[in-house]
Amino acid sequence: MKKIEINEVFKEDWNRVLNHIANLFYEDSKIVVSAEDAELSFRFQHSIDEDYTIHTACNLTVDGQKYTSNYSIHYETEGTEKEQGIRMKRALSHVMLDVLEQFTGMIQQWGILTGVRPTKLYHNYRKQGKSDEEIYAILKKDFRISDSKIALMSEIVKRQLITIPDLDELGKEISVYIGVPFCPTKCAYCTFPAYAIQSNRKAGRVESFIDGLHIEIRAMGKWLKDNNMNITSVYWGGGTPTSIEADEMDALYKTMFEAFPNPEKIREITVEAGRPDTITPEKIEVLKKWGIDRISVNPQSYTDETLKAIGRHHTVQETIEKFWLSRESGMNNINMDLIIGLPNEGIEEFQHSLDESAKMQPESLTVHTLSFKRASEMTHNKDKYKVADRDTVTKMMDMASSWTKENGYVPYYLYRQKNILGNLENVGYCKPSEESIYNIVIMEEVQTILGIGCGASTKFVNPTSGKITQFHNPKDPAAYIMTFEEAIEKKVEMLNELYNTQVKQ
């Protein structure tokens, strides 16, 4: 851990933001005040003029070499107390990032942005009536984002507005996420609800969970029908929803189509079949029966040794076979995921994954950068997993960007994560017109996402103010089985409050 000293006691959330900036340069850092054993010592100054101009400065002296930065930004209004805090955190981040870039020689392509949704920031400025040129100037000067990343944001925003012309009006509708928490095994990098299906089936939890899920789908469908609420998109995730048997899938889809209002108006239904070892001809026939042809078949890597290392108990050949089984059986919109920076993978292995992807040409390819998530097995045992360095993962991301252009793909959504290798991003690419509506709406937070099932998170987005509140179903199947009825009641209560409706008798 690198101990970093600052010269005054800031508010806790200010310190947290500065810690995020430090962590862009050092894997593990801690902000402290007046520590004799600190490895770096920063001196900050900050003030606000009567005309709402913020001034910040930062100084760092190392081995007699002084690094300094000064920054000022003017606002037209005083702003709320919350807005004032956000403005000051950004201004302090600006000068700290500048000083650290000078000292380390390391340039952060995403500037001071450490949040998950860069394109949401672009959309916010767009909805304020700012032109692309004005948005570029703000992102460049005040957020220190590189030209290439601003161009990526701009391209994605334009693509999203083509895909969903009424994107700014989607708050009138709802999307639905349905979580099935079972997988054949749990991957080493994963923190999603993913429980071994065989042991849970032996314990009777799979059948009990599915019984509860039918009830929850019907209950939430009733609220949606009673309140004339249309559904934009439905996403079956997990876990791996195709871990359960074909007849269990069939029954759940039947319940969904009976319970949900105006199913013919749902723009998109996706089922994650991410683990190739769960895909069978019988399950594909069930998907076809219900008109669902958008699925994921996720290789993550095309190197068998990597798959073993991360706990995926399928082979590369099985991924290829299940892709072609899906394609030849009528799945017309297949997504595949690749992960940059998996253990023991470098340029050669990633190029091989791209070469294999070229043979299949899935409708969409999502390129993830490995993130050390706090609760994952990989994070708990970092010494066991050797991953690529910053320069290598950056080259791999550039390879993905070039490959997608050469193969006719366009970027249509992106998100970032804490502790992501190289301070990079995850980008969803697709063939034009094959964009996932659900991926766009959840990343841009333009509407409520109603979470149903184990581990499902409901994100309530106020259609007027955009304010977000959340409710989480239990992640553990046993806990879900015991409490799903309470979750139903709470979500109905929160939906009624959000949309100012009353329960209809």
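**Sheet architecture and salt bridges**

Strand 3 (residues 40–48) and strand 4 (residues 53–62) run antiparallel and are joined by seven bridges. Within this pairing, histidine 46 faces threonine 56 of strand 4. The structure is a predicted model. Its open sheet comprises five strands in the order 2-1-3-4-5, with mixed pairing. Because strand 2 (29–33) and strand 5 (65–74) each have a single partner strand, they stand at the edges, and one side of each is left without a neighbour in the sheet. From one strand to the next, the twist averages 25°. Helix 1 (residues 12–25) lies across strand 1 (2–6), strand 2 and strand 3, and runs at about 135° to strand 2.

Across the whole structure, 31 salt bridges were found. One of them links the side chains of glutamate 248 and arginine 201, with an N to O distance of 3.0 Å. Since glutamate 248 belongs to helix 8 (residues 246–259) and arginine 201 to helix 6 (residues 197–202), the pair ties together parts that are 47 residues apart in sequence. Glutamate 248 is buried, its relative accessible area being 13%.

Other salt bridges lie within a helix. Aspartate 226 and lysine 222, four residues apart in helix 7 (residues 205–226), form a salt bridge whose closest N and O atoms are 2.7 Å apart. Aspartate 226 is partly exposed at 23% relative accessibility, as is lysine 222 at 45%. In helix 16 (residues 477–499), glutamate 493 and lysine 490 are three residues apart, about one turn of the helix; the closest N and O atoms of their salt bridge are 3.7 Å apart. Salt bridges that share partners also join Arg117, Lys120, Glu445 and Lys459 into one network.

Terms used: Residues are numbered from 1 along each chain as its sequence is written. This is a predicted model: local features need pLDDT of at least 70, side-chain atom pairs count only at pLDDT 80 or more; totals for chains, interfaces and linings use all residues. Side-chain values use heavy atoms; hydrogens and water are left out. Two strands pair if DSSP finds at least two bridges between them. Helices (H or I, at least four residues) and strands (E, at least two) are DSSP runs, numbered from the N terminus. Axes are lines fitted to C-alpha atoms, for helices over the stretch in contact, and angles run from 0 to 180 degrees between N-to-C directions. Contact means heavy atoms within 4.5 Å. A salt bridge is a side-chain nitrogen of Lys or Arg within 4 Å of a carboxyl oxygen of Asp or Glu. Buried means under 20% relative accessible area, exposed over 50%, partly exposed in between (1.4 Å probe, protein chains only).
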